[in-house]
Amino acid sequence: MQPMGAKTRRTGSGAVQQYRNQTIQPIRFGQHKPQHSARAGDDPTSPWEYHLGHGYRLGDSGVTLGGYASAEILRPSGRSWSFQAEDISLFVTAEKGRWRFFSETEVNDALSAGNGEAFGIRRARFDAERLHLDYTLAEELKFRIGKFLTPVGRWNLIHADPLVWTTSRPRVTAAPFAPHATGVMAFGDFNALDREWNYSLYAGGKNQLDMKKPDESLDSVYRDTFGVRVVNEMPGRFQMGASYAHFEQVEFFPGSRDLAELDFFWTRNRMELSGEFAYRWSAGKDDWGLYLQGVAPLPLPLGENVYAIGRYEAFQREDSSRLANRWVAGLAYRPLPPLVFKVEYSVGVDAGNSVSERIVEGSPEGFAASVAVLF
Amino acid sequence: MGRFPSLGRVSLLAFALLASGPASPAGREADDFVVIVTRDTPLTPLDKETLARIFLRKKIFWDNGTAIAPVNLSASHPLRRLFSEQILGLDPEELDDYWNAQYFHGIFPPYVVASEEAMLRFVAQSPGAIGYVSACAVDQRVKALLWPPSANPARDPPRICPQK
C-alpha cells in the first residue's frame with residue numbers, strides 16, 4: 001500500500017506504481033550489511049538483488065552486472081525497411097575501496113533483417129565500448145586509464161538508447177570527433193562559486209581498442225587525442241558544458257583537427273530543452289554543427305508518460321559547400337524510468353557528398369521506431 | 001516511552017531550513033527529520049550543499065577517508081520526499097534521468113531501505129553510513145548530525161512518534 005502523502009506522478013499502470021514502491025538497493029557498501037532484523041520491512045534486503053535499471057549485485061563481491069538493450073525499425077526515405085536488435089550492452093562494475101573497474105561490452109546488430117535479408121545474425125559484432133580502471137584520490141581528483149567515452153558534449157556521454165529521446169542521433173554529437181578515446185584521464189567534482197562543477201582532462205592514442213572496426217561505424221580512427229571538458233550543473237535542473245579537443249584524424253581527409261564545443265540542458269516539470277554546438281577547424285577546412293531539442297509531456301489517457309520531441313539539426317561538413325539539416329518530430333512513451341518506446345519521423349537536406357556517407361548514418365531521413373531498456 | 005531524552009548524548013546542529021517543511025497528510029512525524037550517521041563517524045558540520053552532494057554521490061568520502069554510504073527510504077515514503085525536496089530541491093522522480101545516466105557510468109544511487117527502523121539499523125551497523133529518520137524516531141544507536149529547530153530539546157517537550 002502506498003504511504004499517505006506519497007505523490008503518484010506516474011500513474012499509467014499498476015506496474016508503474018509497483019516499481020515506484022519497491023525497495024531498490026543497487027549499491028554495495030562492503031561491510032555495510034545488516035545483521036539483525038526485528039520485523040518485516042525493518043531489515044534492509046539481501047545484497048543479492050536485481051532491480052530493473054539498476055543491475056544485479058553479486059552479493060558482497062563488489063561486482064554489479066547490468067546493461068541495456070535496444071531494438072529498432074528503420075524506414076529511411078527511398079530505402080526499404082530494416083530491423084535491428086541494435087545494441088545489447090553488458091556492464092560490469094567492480095568496486096574495491098578507492099578503485100573502480102567498469103566495462104561495457106556491446107553486441108551490435110545482434111539480430112537484423114530487412115533490405116532483402118531474412119532475420120539473421122550475420123552482421124553481429126562485439127565491441128569493447130568501454131574498459132577502464134578508476135582511482136579516486138579525492139572527489140576533486142580521480143584518475144582513469146583505459147578506453148572511455150570522449151568527454152565532448154552531453155549527448156556523447158549519455159548516448160545509450162534508453163537515456164535519449166530519439167532513435168536517431170544528431171550528427172554533431174558524434175561525427176566531428178571520436179566518441180571514444182583510449183588513454184588516461186583526470187577528472188573530478190567540486191563546488192565553487194556556490195555552484196557544482198565537474199571537469200575532465202584526458203589524453204590518448206588511438207581511439208579504438210578493437211582490432212577491426214566495421215565500415216559502417218560512426219567511430220572513425222583518430223589518434224594523438226587530448227582535450228578538456230568543464231561542466232556546471234544542478235542535477236535534475238540544468239547543465240552547461242564546454243569542451244575542447246585536439247586529435248589527428250587518420251581516415252577521411254587525414255590531418256590535425258581542433259574542436260570547440262558548447263552544450264546546455266535544462267529541465268523543469270518534465271519539460272526539457274537541450275542543445276549542442278561544435279566547431280572544428282584545421283588547416284584550410286572547417287566544419288560545424290548544432291542541434292536544439294525540446295521535450296514536453298503530453299496529457300494523454302496513457303498517463304503522464306508520453307512525451308513529444310522536436311529537434312532541429314544542422315551540420316556543415318568540411319568537404320561540402322552545402323549545409324545539411326534535419327527536422328525531427330517524435331513521440332516517446334516512458335512507462336518506467338529505465339524503459340522507453342520511441343517513434344519519429346525526420347526530414348531534411350543532405351550535404352549531397354557521398355565521400356563521408358557514414359556521417360549521415362546516425363541520422364537518416366525517414367521513419368524510425370525503437371524500444372530500449374536499462375537492465 | 002519516547003526516545004527523545006537519549007539525544008542528549010549526541011551533538012546537534014540546528015538546521016533552520018528544515019523548519020519550513022510542508023505538512024504531510026501522514027501527520028507531523030514527516031515534518032521533521034534528523035540526519036543520522038554511525039556513532040563512530042567524527043562529527044563535522046554539514047551544510048545543505050554538502051548533504052546534497054553526498055546524496056547525489058558527488059562527495060564520497062568522509063574527512064577521515066571512510067567511504068560515505070548514503071541511505072534513502074523508498075521513493076514513495078513521505079520522509080524521503082520531504083528530504084529530497086528540502087535538501088536536493090527535487091522530487092525523487094526528478095532525479096530519475098540523473099540516476100539513469102549515473103548508472104550508465106557505473107555509479108549507483110544510494111542504498112534504499114524499507115522503513116525508518118531499517119534505516120536506523122543500517123546506519124547503526126554500517127561504517128560511513130548516513131541516512132535520515134523522523135525526529136521522534138532517532139535513538140542512541142546513531143548520531144544525529146542535523147536537528148530541526150522545532151525539536152530543540154531545551155524548548156520543546158519530547159514527542160512520541162505516533163507509530164511507536
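Modeller: A quick definition before we start: two residues count as in contact if their C-beta atoms, placed from the backbone, lie within 7 Å. Keep in mind that this is a predicted model. Let's look at A:Asp258, which sits in strand β14 of chain A, a strand covering residues 255-268. Setting aside neighbours within four places in sequence, A:Asp258 has contacts with A:His246, A:Arg280 and A:Trp281. Then there's A:Phe247: 11 residues separate A:Phe247 from A:Asp258 in sequence, and their C-alpha atoms are 6.6 Å apart in space.

Now for chain B. Chain B has four helices and five strands, and along the sequence they run β-α-β-α-α-β-α-β-β. Of its 164 residues, 54% are buried. Take the contacts in chain B between residues at least 6 apart in sequence: 72% of them join residues at least 24 apart.

As for confidence, chain B has an average pLDDT of 75, with 70% of residues scoring at least 70. Residues 1-30 of chain B fall below 50, though the model gives this stretch 67 contacts beyond near neighbours in sequence. Residues 155-160 of chain B also stay under 50, with 10 contacts beyond four places in sequence. For the complex, the predictor gives an ipTM of 0.80 and a pTM of 0.79.

Methods:
Residues numbered from 1 in each chain as written. Chains lettered and ligands numbered in written order. Predicted model: local features only at pLDDT ≥ 70, side-chain atom pairs only at ≥ 80, totals over all residues. pLDDT = per-residue confidence, 0-100. Helix = DSSP H or I, 4+ residues; strand = E, 2+ residues; numbered from the N terminus. Buried ≥ 20, exposed ≤ 12 C-beta atoms within 10 Å, placed from the backbone.
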